[in-house]
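Subject: Structure handover

Hello,

Here is the structure I promised to pass on. Please open it next to this message, and my notes follow below.

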Amino acid sequence: QVIKCKAAVLWEANKPFSIEEVEVAPPKEHEVRIKIMATGICRSDDHVITGALAMPFPIILGHEAAGVVESVGQGVTLIKPGDKVIPLFVPQCGECKSCLNTKGNLCSKTDLGTSAGLMPDGTTRFTCKGKAIHHFLGTSTFTEYTVVHESAVAKIDSAAPLDKVCLIGCGFSTGYGAALQTAKVEPGSTCAVFGLGGVGLSVVIGCKVAGASRIIAVDINSDKFAKAKELGATDCINPKDFKKPIHEVLMEMTGQGVDYSFEVIGRVDTMTAALACCQYNYGVSVIVGVPPAKQNITFDPMLLFTGRSWKGSVFGGWKSKDAVPKLVTDYMKKKFVLDPLITHTLPWTKINEGFDLLRTGK
């Protein structure tokens, strides 16, 4: 059956979301239709609104969520109606080169980088006012019901609180994994984290769980420092408080630079600063923030020649279908906290207010 429900449709760039009645088609073969119970707001959604991340309009955004399976298409065997699930914006098909390689996690079936805004078969499951509406990253969670491919959904513990574990769908896993999976932070090491939004704070949690002895948090909004310290930051610095470039400040604080640095903002100037602040011979810098469209980095290659490593991390390096259920279990076992990452809980029809809070750093 087609389901009629409410969704937040973005008709064009730089406009607010419009709450509309949409029609959600039934799942086709190897697809799953999900009732979304909780969704987070991520800066990557905002990047589509501003045009920094190019996507086709009209579109239903959202990619960090948790819900309950409403129905499944033919051939779906591992998931049944009633299961609690998290949609995966990085799928795990199990067949492409990245999925088959132990070091890879960026499944070739992801819509990231292709920006087609369609299901794998090249069509959409959403219609509004007679118009086809695009999907976002194969998930589209700003709607009461969505349809995803079975490779893009993970079944989770039925006891998990969906309003908390929805963060494991993007922000938490992305930051936590950047520290544990991508950088492989070691006990006793020194880390710098640029940007203290939800993902940056999740990097702080990951560094602490990994046993880092010093975690330096960097943000131009000092209001973020109390929460960063609560989650494990040992030092907090605001670049606006210094006359000299921030990488020089970090070099002075640490002697020769940090062992690991993380850029969790998505700006080319901070990406270069994060690289420059890590130890010249064995420092590792990880790009976690989504880079802005059509911007290039110019830097001195000597920064890399001396031995530094520069890495990128999508979804924290986790193989999504394998890792998400385990991360939910770890949360249930209290291996890490999620509550401090949740600042506001709004009825989803107030989604535009939620984005205003994001943009003002609240």
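This is a predicted model: local features need pLDDT of at least 70, side-chain atom pairs count only at pLDDT 80 or more; totals for chains, interfaces and linings use all residues.

Strand β14 (residues 284-287) and β15 are joined by four bridges. The two strands run parallel.

Helix α8 (residues 268-276) packs on the sheet. It touches β10 (190-194), β13, β14 and β15. The direction of α8 makes about 175 degrees with that of β13.

Helix α4 (residues 171-183) lies across β13 (260-263), β14 and β15. Helix α4 runs at about 135 degrees to β13.

Now the whole sheet. It is open and has six strands, in the order β12-β11-β10-β13-β14-β15. The pairing is parallel. At the edges are β12 (235-237) and β15 (309-312), each pairing on one side only. On average, neighbouring strands of this sheet are turned by 15 degrees against each other, direction ignored.

**An annotated stretch**

Over residues 198-321, the chain is 34% helix and 16% strand. The end C-alpha atoms of that stretch are 22 Å apart.

**An antiparallel pair**

Look next at strand β3 (residues 31-39) and β8. Five bridges join them, and they run antiparallel. Lys35 stands opposite Tyr145 in β8.

Is β8 enclosed or open? Strand β8 (residues 145-149) is largely enclosed by the rest of the structure, because four of its five residues are buried.

**Asp83**

Asp83 sits in the loop between β4 (65-72) and β5 (84-87).

Is Asp83 buried or exposed? Its relative accessible area is 6%, so Asp83 counts as buried. The cut-off for buried is under 20%.

What does Asp83 meet? A polar atom of its side chain lies 2.9 Å from the backbone nitrogen of Lys80. Neighbours within four places in sequence aside, Asp83 is in contact with Gly67, Val68, Val69, Leu78 and Lys155.

**Where to look**

Then view β3 against β8, running antiparallel. Finish with Asp83 in its loop between β4 and β5.

Best wishes

Notes:
Residues are numbered from 1 along each chain as its sequence is written. Side-chain values use heavy atoms; hydrogens and water are left out. Buried means under 20% relative accessible area, exposed over 50%, partly exposed in between (1.4 Å probe, protein chains only). A polar contact is a pair of N or O atoms within 3.5 Å; within protein, one must be able to donate a hydrogen and the other to accept it, and residues adjacent in sequence count only if both atoms are side-chain atoms. Contact means heavy atoms within 4.5 Å. Two strands pair if DSSP finds at least two bridges between them. Axes are lines fitted to C-alpha atoms, for helices over the stretch in contact, and angles run from 0 to 180 degrees between N-to-C directions.
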